[in-house]
Amino acid sequence: MGDLSQGDRYLLEQIRQGSSDGWTQLVNRYSGRLEAFARSKVGKAGDADDLVQETFIGFLRGLNDFREQASLETYLFGILRRRIIDWYRGRKGNVCLLQDMVRPDENEGPSDAAGHLVSPAATASWYVRRDEQVHLQREALAGALTDLINDLKALQKLRDLKVIEMIFHVRLRNKQIAQIAGLAEGQVALLKHRYLKNLQAYVRRDPQAARDPAVDSMLELPEQLDAVLAAIWQEQRLSCPKRSTIGAHMLGTLEPEWQDYVTFHLETLGCAFCRANLADLQRQSEAAEASVLRRRILNSTAGFLRSR
């Protein structure tokens, strides 16, 4: 998901000024989808509710550290995801929360790419430089992925978008992708090659990234690059449809191509964040329908009560 919307920015400013009304609006806006996500992961409603509460408390405590580089929804989901990981660690020792979406690496974490690209000398300056390179790499790749996804959406190349989601986000094998997409395995390989080249071109268009040898080196290491791309895609939810788009999908009012893509994203890719949004929207719709029914019953029976 992208940067802050005007609505998010307004709420954030209100909260920073100590507005209880702004805080109530934020909680009302996001608590339902966060609760749906937590319940899908931990099962018990009480535990899920506790985790959502801790998420909002964590948001307030870390408000001064929020750099506004992601939407409030993405930021809140990120806090909740970390709370859920900690919750599982306290019960099971370890857990991979993303096991149903991202293929984990056996030997290394995806977010530490720069560790392989700089001098191993453990000096203070090395650690500073290493952190700078990690940040630069991730910023350059996130920008490149965003540009690529936006271009595919603008051109309505939604089949290709499905394929690169499976390649870079879920990291499926070419054979698996071919079976799901109804393509030949060679076609999948060609698409992966094409879009890797596009990503490299997008990154090298950034003057700062193009000057950094660590970024350039990473672009030539496919396995490492794949891991970093998957981590960025997951954390920043780069291809997730807007909540309004999910709502339109629920009502069946999207154009057929977009209806098909959102169905894929929700049901085949199985994006837990968007499924949580869908569950929250469905719950709101059911509550609204129940409210309408209650009003109809009360209106239709008012005369009977008066006559008595």
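Buried means under 20% relative accessible area, exposed means over 50%, and partly exposed lies in between, as judged with a 1.4 Å probe and protein chains only. By that rule Asp280, at 3% relative accessibility, counts as buried. This is a predicted model, in which local features need pLDDT of at least 70 and side-chain atom pairs count only at pLDDT 80 or more, while totals for chains, interfaces and linings use all residues. Residues are numbered from 1 along each chain as its sequence is written, and side-chain values use heavy atoms, with hydrogens and water left out.

**View 1. The protein chain as a whole comes to 14 helices and zero strands.** Helices (H or I, at least four residues) and strands (E, at least two) are DSSP runs, numbered from the N terminus. Of the 308 residues of the protein chain, 44% count as buried. The accessible surface, found by the Shrake-Rupley method with a 1.4 Å probe and with only the protein chains shown as cover for residues, comes to about 16,800 Å², and 49% of this surface belongs to carbon and sulfur atoms. Contact means heavy atoms within 4.5 Å, and among contacts between residues at least 6 apart in sequence, 68% join residues at least 24 apart.

**View 2. The largest nonpolar core has 72 residues.** A nonpolar core is a set of buried Ala, Val, Leu, Ile, Met, Phe, Trp, Tyr and Cys residues joined through side-chain atoms within 4.5 Å. Leu26, Leu34, Phe37, Phe59, Leu72, Ile164 and Phe168 touch the most other members of this core. When neighbours within four places in sequence are left aside, Leu26 is in contact with Leu11, Ile15, Phe56, Phe59, Leu72 and Leu76.

**View 3. Helix α1 covers residues 6-16 and includes the buried residues Asp8, Leu11, Leu12, Gln14 and Ile15.** Seen down the axis of α1, the buried residues fall within an arc of 160° (taken from the directions from the helix axis to the C-beta atoms), so they line one face of the helix. Gly18, which follows α1, has a positive phi, near 85°.

**View 4. Helix α6 covers residues 158-169 and is largely enclosed by the rest of the structure, because 11 of its 12 residues are buried.** Among these buried residues are Asp160, Lys162, Ile164, Glu165, Phe168 and His169. Just after α6, Arg171 takes a positive phi of about 60°. Asp160, buried at 6% relative accessibility, forms a salt bridge with Arg194, the closest N and O atoms being 3.9 Å apart. The pair links distant parts of the chain, with Arg194 in helix α8 (residues 185-204) and Asp160 in helix α6, 34 residues apart. Arg194 is partly exposed, with a relative accessible area of 43%.

**View 5. Glu35, Arg39, Asp49, Arg243, Asp280 and Arg283 are linked in a network of salt bridges.** A salt bridge is a side-chain nitrogen of Lys or Arg within 4 Å of a carboxyl oxygen of Asp or Glu, and the structure holds 11 of them. In one of these, Arg283 pairs with Glu35, the closest N and O atoms being 3.4 Å apart. Arg283 lies in helix α14 and Glu35 in helix α2 (residues 20-42), so the pair ties together parts that are 248 residues apart in sequence. Arg283 is partly exposed, with a relative accessible area of 35%, whereas Glu35 counts as buried at 17% relative accessibility. Arg283 also forms a salt bridge with Asp280, where the closest N and O atoms are 3.5 Å apart. These two residues, Arg283 and Asp280, are three residues apart in helix α14 and so are separated by about one helical turn.

**View 6. Phe273 lies in helix α14 (residues 272-307) and counts as buried at 4% relative accessibility.** Not counting residues up to four places away in sequence, Phe273 touches Phe37, Phe77, Arg81, Gln234 and Arg237. Phe273 and Cys240 are 33 residues apart in sequence, and their C-alpha atoms are 8.3 Å apart in space.

**View 7. The structure holds zero disulfides.** A disulfide is a pair of cysteine sulfur atoms within 2.5 Å. The sulfur of Cys240 is 3.5 Å from the closest cysteine sulfur, in Cys274, which is too far for a bond. Cys271 is in no disulfide either, and its nearest cysteine sulfur, that of Cys240, is 3.7 Å away. Cys240 counts as buried at 8% relative accessibility, and Cys271 is buried with a relative accessible area of 1%.
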